[in-house]
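Please read it beside the sequence and the coordinates.

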Amino acid sequence: MSQEPSLPDIDHLRTWIGRGEVAVDVLGEDLARKYHATMDFPGEAPRHGQAAPRLIHFCLAQPAAATAKLGPDGHPARGGFLPPVPLPRRMWAGGAFTFHGDLRVGDVVKRSSRIENVVLKEGRTGALCFVTVHHRIEANNALVLEERQDIVYRGVDAPGASAKPPPVADQGVHQRPMKAGATLLFRYSALTFNGHRIHYDRRYATEVEGYPGLVVHGPMQAALLYAYASELRGTPPRCFSFRGLSPLFDDDAFALHATEDRDMLKVWTAKQDGPVCMAAEASWS
C-alpha cells in the first residue's frame with residue numbers, strides 16, 4: 001500500500017522565497033542545429049551570429065545534478081534551489097515571457113533566477129502547492145528576456161477516481177494538426193536536460209504516477225504555439241503567456257489553434273475531439 005504524501009509545511013516552504021541562483025551557458029551551433037531539427041522548423045538552422053529561435057533558452061543553463069543525486073522522478077532531489085514540496089507530482093503549470101531582443105548563436109548566456117512566491121491551495125484532487133520563479137536571461141551584458149515560471153506540485157489521483165470531463169475545445173480560425181510521439185518527447189527531454197521520467201519512461205509514467213501515457217512537455221507545447229503565432233503574424237511576439245489546462249499524451253492526436261483577439265492572438269493546443277491542453281496569448285505591443 002502506498003503511503004499518502006504529507007501535507008506541505010507552508011511556513012517552512014515559504015522560507016525559500018527570495019532564494020536565487022545564477023547559471024551560465026553557451027548557445028552553440030550544435031544546440032541550434034539539434035533544436036531546429038527536433039522542432040521541425042523549415043529552412044536551415046541558424047549559424048554563428050544569427051538569431052536563434054525564441055524559447056530555445058529552455059535548453060540553456062539547466063541544472064546538472066549528479067545522477068546519484070536525482071530523485072525517484074528523475075528530477076534533482078528536492079530541497080536545493082526549489083523548495084522540498086512533499087507532493088509527488090511536479091508539473092510546469094504555465095508562465096509568461098517578455099522579450100527585449102534575441103539570443104544569437106555563439107552568445108554566452110546568463111540566467112539569474114529567484115523564487116518569487118510559494119502558495120498552498122486546496123484543489124479538486126487535494127493540496128496544490130504553487131511555486132513562482134522569475135528568470136532574467138542576459139547576453140552580452142544586455143537583458144534579452146524576462147520569464148515567469150509557474151510550477152505546481154500535487155498528489156497522485158486515487159485509484160478509480162473520476163472527474164467531470166472538461167468541455168471539448170473550440171476550433172480556431174487557424175489550425176495545424178500535430179502528433180507528439182515518444183521520439184519527439186525523448187529528443188526534447190535530451191535537449192533541455194530534463195530527466196523527469198514522465199516524458200520518456202512509459203512504465204514509470206503509467207505505473208507510478210498513474211498517467212495513461214507519456215506526458216508531452218508544457219514548455220514544448222509553449223514553444224510550438226509561440227512559433228505558430230510568429231508564423232501567422234510574420235514576426236515573433238514581444239509578450240507571451242501560457243497556462244496548462246489538461247495533460248497531453250504521446251498517443252494523442254492534437255492540433256495547434258489560433259484566433260485573432262483585437263491586437264492579440266489567442267493560441268491553444270487541443271486534443272482531437274477533446275479539451276484544451278494549453279492556452280496562450282501572444283502580443284506584439
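1. The model is a predicted one, and it contains zero disulfides. Cys277 is buried, at 1% relative accessibility, whereas Cys239 is partly exposed, with a relative accessible area of 22%.

2. Salt bridges, overall and in α2. There are 16 salt bridges in the structure. One of them joins Arg33 to Asp30, with the closest N and O atoms 2.4 Å apart. Both partners belong to helix α2 (residues 29–38), and because they are three residues apart there, about one helical turn separates them. Arg33 is partly exposed at 48% relative accessible area, and Asp30 is also classed as partly exposed, at 38%.

3. Glu207 and Arg203 form a salt bridge with an N to O distance of 4.0 Å. These two residues are four apart in helix α4 (residues 202–208), so about one helical turn lies between them. Glu207 is exposed, with a relative accessible area of 60%, and Arg203 counts as exposed at 61%. A further salt bridge links Asp261 with Lys266, the closest N and O atoms being 3.6 Å apart; Lys266 is partly exposed, at 35% relative accessible area. Shared partners also join salt bridges into a network made up of Asp30, Arg33 and Lys34.

4. The buried side of α2. Which residues of α2 are buried? They are Leu31, Ala32, Tyr35, His36 and Thr38. Around the axis they cover an arc of only 165°, which means that they lie on the same side of α2. The elements covering the buried residues of α2 include α3 (182–191) and α5 (218–233). After α2 comes Asp40, which has a positive phi near 60°.

5. In soluble globular proteins, nonpolar side chains tend to be buried together. Here the largest nonpolar core has 47 residues, and those with the most contacts inside it are Leu27, Tyr35, Leu55, Phe97, Leu103, Phe240 and Val267. Helix α5 supplies the largest share of this core, eight residues.

6. Surroundings of Val267. What does Val267 contact once its neighbours within four places in sequence are left aside? The contacts are Leu225, Ala229, Phe240, His257, Ala258, Met278, Ala279 and Ala280. Val267 and Phe240 are both listed among the residues with the most contacts inside the largest core.

7. Aromatic pairs. The structure holds ten aromatic pairs. In one of them, Phe97 and Phe99 are tilted, at 6.1 Å centre to centre and with 40° between the planes. Phe97 is buried at 2% relative accessibility, and Phe99 is buried with a relative accessible area of 5%. The rings of Phe97 and Phe240 have centres 6.3 Å apart and planes at 20°, so this pair is stacked. It connects distant parts of the chain, since Phe97 sits in strand β2 (residues 89–99) and Phe240 in strand β7 (residues 239–244), 143 residues apart. Phe97 and Phe240 are both buried.

8. Aromatic cluster. Phe97, Phe99 and Phe240 also belong to one aromatic cluster, together with Phe58, Trp92, Tyr226 and Phe242.

9. Positive phi at Leu55. Most residues other than glycine have a negative phi, and most peptide bonds are trans. Leu55 is not a glycine, yet its phi is positive, about 80°. Leu55 lies in the loop between α2 and β2.

10. Positive phi at Asp273. Asp273, a residue other than glycine, has a positive phi near 60°. Asp273 is located in the loop between β9 (264–271) and β10 (276–283).

Methods. Residues numbered from 1 in each chain as written. Predicted model: local features only at pLDDT ≥ 70, side-chain atom pairs only at ≥ 80, totals over all residues. Heavy atoms only, no water. Disulfide = S-S within 2.5 Å. Buried < 20%, exposed > 50% of the residue type's maximum accessible area, 1.4 Å probe, protein only. Salt bridge = Lys/Arg side-chain N within 4 Å of Asp/Glu carboxyl O. Arc of directions from axis to C-beta. Contact = heavy atoms within 4.5 Å. Core = buried A, V, L, I, M, F, W, Y, C linked by side-chain atoms within 4.5 Å. Phe/Tyr/Trp six-rings, centres within 6.5 Å; stacked < 30°, edge-to-face > 60°.
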